[in-house]
Amino acid sequence: MGLDVRDADGQFCRVVGAGRRFLALAIVALSALLLTSPRHIHAQPPAPEPPSRVVAAVATSLAATFASKQPGAEGVKVLPAAADLYTGDMLITLPGAALRGKNGAVSLKSLADYDGRSPFPTLETAFTLNDAKTSDLDVTLDRGRIDLTNTKAAGAAVVRVRFWDQVWTITLDAPGTRVGLELYGRWPSGSQFQPAQPVAPSAPRKPPAPVASLVLLVVSGSASTEVSGGLTLGLKAPPGPALLGWDSIEGSHPQPQKLEQSPAWADPDASLSSDGKLAAAAVERFRLARVESPSTAISTFLNSTDPFEQRVGLVSIGATDDLTALIKELSGAKTPVEWDFGIRVARHWLGRCPGHDQKMYAALISPVHGYTPAQARIIMKLLFGFSADELGRSETYEVLIDYLTHDQSTVRNLAAWHLVRAVPQGKTIGYTPGATKAECETAAREWKKLVPSGQLPPPPPKKD
Amino acid sequence: MSRSARLVVIAILCGVGVLATANPAPAQFVGGFVGPGGPFPYPIPPTTPLRFNYGYQTSFSVGTGIGPTISYSQGAYGPIGYAMQQRFRSPAYSAYDPLSVQVYGGYMTGGVLNPANEAAKRDLARAQRAAAIQTNPAPARMAIFDQWAYEKLGVTGLPALKPGQDMPAALARAMAANNEPEVASGEALNHILVAAVAAEGKGGKGQSAFLPPDLLADVRFAGSPTADTLNLLRRAGKLDIPAAFNAPALAEVRQSLERAFAAAVAPVLVGKAADPSKVANLEDVVKKARAALDPTIRDLDFEDATAARRFLNQLDAATPVLKGSGTASLIDPRWGTEGTNIADLIKYMTKLKILFGPAPKGNEDVYVALHRGLAAYLYILNESQKAPPKK
């Protein structure tokens with residue numbers, strides 16, 4: 001059973017036959033193992049092709065109510081009336097923007113909240129349309145308020161709504177059924193900003209993210225909603241189970257909330273206050289300005305002396321992700337409205353979706369704006385705000401007062417913005433964005449008298 | 001081929017097979033794993049004369065969603081490791097009651113209390129609770145609303161400790177508090193403290209729970225400059241100097257602060273009166289530190305800036321207390337070695353007119369235990385007043 005061979009010295013040596021067979025088996029086994037190892041079975045799949053851009057809907061509202069931003073593009077394009085709306089484009093809307101799905105079954109309308117009645121302080125609405133293969137409309141809601149209406153002659157209409165990591169299928173049971181959705185994201189007060197660190201690929205760490213919340217309200221008719229996870233909930237306009245909630249921490253709330261009557265925010269355009277009407281009028285003027293000159297409308301309104309027009313301009317630079325202009329507003333505000341509202345828009349922009357904090361930080365330390373990393377971290381902290389715990393410490397106020405005389409006007413503006421909110425009595429001290437160094441030092445001294453070192457601010461006077 | 005050669009070939013092929021396949025998840029081979037049902041032990045290669053050595057190791061990595069991820073791992077081996085894994089499998093174990101953790105010091109287990117083991121168990125329980133808190137935070141909509149209200153309205157009033165209000169409803173809420181967020185601020189403890197003082201004043205009497213040194217070390221006081229001073233002193237005279245003072249320009253200031261503080265508090269820590277000259281020197285050094293810090297404060301991160309300000313404010317608040325009379329009784333040296341009990345703690349706090357401050361971050365479990373002890377003591381005091389006098 002052996003094979004006699006001669007070795008190098010000419011001596012016979014016997015290779016045991018069984019050993020050769022065993023060696024052959026081993027080689028076969030090794031080859032099989034290598035061939036069947038995962039890296040050979042699962043060849044690298046080809047990169048998916050980007051979805052084709054098709055018309056998903058048509059605008060049915062006035063010209064310049066829609067602005068679209070194509071994926072990867074820098075600027076936005078203001079759309080005319082009856083424009084085709086393509087899949088994949090981020091559609092940034094003015095209040096009143098409306099569209100009809102390509103099969104005519106569903107209409108979508110973007111709404112504003114001029115009087116601040118809705119559950120969330122939305123400033124603008126934006127969404128993306130997707131190719132509706134298995135529904136009448138497929139929309140990815142990025143932020144703000146949209147109302148979906150079944151415009152079929154008969155029968156139910158199905159809308160697929162995507163947001164964050166959720167995919168909801170809403171069935172609008174009958175023609176005329178109307179459902180409103182409002183999505184908003186925010187960094188909780190006291191959030192700590194951390195510049196992104198390089199993370200090893202194997203590390204299962206999730207970067208911090210703002211908190212998002214969504215409400216769905218059946219305004220009229222009845223609808224069913226299949227939420228992510230397969231649960232289907234029946235909803236009905238008030239009186240009935242009309243309200244469904246979701247947030248990015250706890251997920252969807254499994255029980256719809258019963259409402260006896262429609263809340264005031266169901267129809268935000270109804271019974272506007274005088275300020276609400278002025279704001280609506282400013283938005284309409286902005287729309288007309290965009291029709292006439294899309295490239296200059298925002299800057300015109302930013303420089304307007306009308307506070308409502310200024311606010312519209314500020315919201316627009318946030319809505320169009322014009323980070324350069326937004327950061328410039330933080331330092332270069334010229335009026336109290338611009339100072340106050342500009343900071344609010346920046347805070348809103350930060351909380352819109354994950355990653356905006358890092359983008360803001362990167363922009364601050366870029367050569368365009370030239371802040372040092374330490375200054376940028378201070379600005380990020382001031383934009384994030386303070387927790388109740390931090391506001392309960394005297395040192396917070398000391399440092400905010402220190403920041404009133406900071407070299408950077410952005411820091412001064414943000415510190416003053418927080419001080420007048422945390423210590424309302426300090427409004428009498430007054431703050432002028434763009435104040436001189438001497439004026440800032442005077443203000444800091446006044447603040448130190450109001451809030452001495454080591455002490456908390458006095459409680460606000462009770463209103464009679 | 002000889003048998004040994006054959007075995008060598010098999011071993012090589014097996015090794016190649018392992019290398020050629022995907023790596024297993026590291027957690028499975030760290031020394032045990034945490035899965036449904038709890039941590040599981042594993043036999044590890046013997047490093048002792050024993051053939052096998054039970055080990056217990058856990059590691060947690062919790063994404064908070066807000067801020068950095070918290071990671072924690074710990075291990076214990078040998079009989080202690082076995083005891084710990086048995087402990088955490090036991091249905092009687094309560095993650096929220098470290099004082100009820102069973103002592104493995106009896107003759108059956110053959111050992112004595114191992115403080116390191118106890119501390120490890122508490123650290124683990126603390127990490128577990130941190131993970132639980134992060135998965136069940138305040139509702140997201142409140143987080144958004146809070147920011148919105150702040151933007152529009154500012155704060156209408158500051159959150160403040162509300163001690164001394166012996167309101168029945170507040171006391172009932174305080175007694176019913178049963179988790180860390182509810183007791184960590186100290187407010188619930190203060191309501192019970194005030195009620196207990198009142199009950200003692202009405203003649204209530206009873207036994208109270210023992211408070212070990214390591215629990216006492218994590219109690220913070222508030223409500224007066226004396227309380228702030230105590231918080232400083234009770235760190236055994238070692239100042240926790242903020243990072244702002246690590247700057248080269250402030251190195252000398254840092255050293256001066258350390259020396260001056262150590263000299264001023266040394267007698268107080270052993271139950272003697274402070275030396276007025278040393279306290280005056282500390283006051284002077286703090287003034288110089290503040291002057292040195294002022295030009296640099298604007299360049300510091302907010303957290304570093306507030307920490308530096310808070311530190312100097314605490315030292316400023318401490319010097320008048322150290323100058324005053326009664327410094328000899330500020331610190332009871334026995335707390336660090338023998339501990340005390342709830343009744344004596346209440347007596348101490350009443351004498352110094354101080355309250356409970358917020359729990360230090362990461363040590364909220366101490367306040368849960370303290371809350372239980374206080375609540376039990378108040379109950380006993382109230383019951384003792386109800387019991388009819390024996391004839």
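In chain B, 74% of the contacts with a separation of 6 or more join residues 24 or more positions apart; two residues are in contact if their C-beta atoms, placed from the backbone, lie within 7 Å. The structure is a predicted model, in which local features need pLDDT of at least 70 and side-chain atom pairs count only at pLDDT 80 or more, while totals for chains, interfaces and linings use all residues. Residues are numbered from 1 along each chain as its sequence is written, and chains are lettered from A and ligands numbered from 1 in the order in which they are written.

**View 1. Overview of chain B.** Chain B contains 14 helices and 9 strands, taken as DSSP runs (helices H or I, at least four residues; strands E, at least two) numbered from the N terminus. Of its 391 residues, 29% are buried, that is, 20 or more other C-beta atoms lie within 10 Å of their own.

**View 2. Helix α9 (residues 373-384) of chain A.** The 12 residues of this helix reach 16 Å from the first C-alpha to the last, close to the 16 Å expected at 1.5 Å a residue (1.5 Å times one less than the number of residues). Because 10 of the 12 residues are buried, α9(A) is largely enclosed by the rest of the structure. Among the buried residues are A:I378, A:I379, A:L382 and A:F384. The buried residues pack against α7 (336-351), α8 (356-365) and α12 (409-422) of chain A, together with α12 (302-323) of chain B. Just after α9(A), A:G385 adopts a positive phi of about 95°.

**View 3. Helices α3 (residues 274-292) and α5 (residues 307-319) of chain A.** Their axes, lines fitted to C-alpha atoms over the stretch in contact, with angles from 0 to 180 degrees between N-to-C directions, come within 9 Å and cross at roughly 60°. Residues A:L278, A:A279, A:A282, A:V283, A:R285 and A:F286 of α3(A) meet A:F308, A:E309 and A:V312 of α5(A). This contact comprises 7 nonpolar, no polar and 2 charged residues; Ala, Val, Leu, Ile, Met, Phe, Trp, Tyr, Cys and Pro count as nonpolar, Asp, Glu, Lys and Arg as charged, and the others, Gly among them, as polar.

**View 4. Helices α11 (residues 276-293) and α12 of chain B.** The helices pack at an angle of about 160°, with their axes 10 Å apart. That angle makes α11(B) roughly antiparallel to α12(B). The contact includes B:V279, B:L282 and B:V286 of α11(B), and B:L312, B:L315 and B:T319 of α12(B). By class, the contact has 10 nonpolar, 1 polar and 4 charged residues.

How values were computed
Angles under 35 degrees count as roughly parallel, over 145 as roughly antiparallel, 65 to 115 as roughly perpendicular and the rest as oblique.
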